[in-house]
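This briefing is meant for someone meeting the structure for the first time. Please look over the sequence and the fold below before reading on.

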Amino acid sequence: MVLAKGDASAGSILVIAMEKGRITGVFERILGPSDSYVWTATAIQLIEDKEKFENFLFRKRQRDPDLWIIELDIPDAARFIAEMNAVG
């Protein structure tokens with residue numbers, strides 16, 4: 001589900017991974033040291049505190065209005081992200 005739309009050609013991406021309705025990870029696509037994009041875990045400590053997590057998302061959107069926030073309900077978020085990093 002798309003929770004927030006960003007710029008279609010230049011927006012950053014933040015993925016909230018869920019499993020059976022529970023947040024299991026938050027990942028951002030960032031430019032790595034080798035000038036290629038990688039998915040990196042972020043906001044891990046905020047997942048259990050709903051209010052802090054919502055504030056985190058709000059602040060991210062305030063700083064970057066082009067940010068896409070996408071929620072995925074997938075069984076193994078770590079594996080999914082590892083596969084996404086392998087693809088490129």
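In this predicted model, helix α1 (residues 50-63) lies across β1, β2, β3 and β5 (68-73), and the helix runs at about 160 degrees to β2. Helix α2 (residues 77-87) packs on the sheet as well, where it touches β2, β3, β4 and β5, and its direction makes about 165 degrees with that of β4.

**The sheet**

- The sheet is an open one made of 5 strands, which follow the order β1-β5-β2-β3-β4 with mixed pairing.
- Because β1 (2-4) and β4 (37-41) each have a single partner strand, they stand at the edges, and one side of each is left without a neighbour in the sheet.
- On average, and with direction ignored, neighbouring strands of this sheet are turned by 25 degrees against each other.
- Strand β2 (residues 13-19) pairs with strand β3 (residues 22-31) in the antiparallel sense over 6 bridges, and Ala 17 has Gly 25 in β3 as its bridge partner.

**Aromatic rings**

- The count of aromatic pairs comes to 1; the ring centres of Phe 53 and Phe 56 are 6.3 Å apart with their planes at 25 degrees, and since planes under 30 degrees apart count as stacked, this pair is stacked.
- Phe 53 and Phe 56 are 3 residues apart in helix α1, and therefore about one helical turn separates them.
- Phe 53 counts as buried because its relative accessibility is 6%, and Phe 56 is likewise buried, with a relative accessible area of 9%.

**A charge over a ring**

- The charged end of Arg 29 sits over the ring of Tyr 37, at 4.1 Å from the centre of that ring.

Key:
Residues numbered from 1 in each chain as written. Predicted model: local features only at pLDDT ≥ 70, side-chain atom pairs only at ≥ 80, totals over all residues. Heavy atoms only, no water. Pairing = 2+ DSSP bridges. Helix = DSSP H or I, 4+ residues; strand = E, 2+ residues; numbered from the N terminus. Axes fitted to C-alpha atoms, helices over the stretch in contact; angles between N-to-C directions. Contact = heavy atoms within 4.5 Å. Phe/Tyr/Trp six-rings, centres within 6.5 Å; stacked < 30°, edge-to-face > 60°. Buried < 20%, exposed > 50% of the residue type's maximum accessible area, 1.4 Å probe, protein only. Lys NZ or Arg CZ within 6 Å of the ring centre and 35° of its normal.
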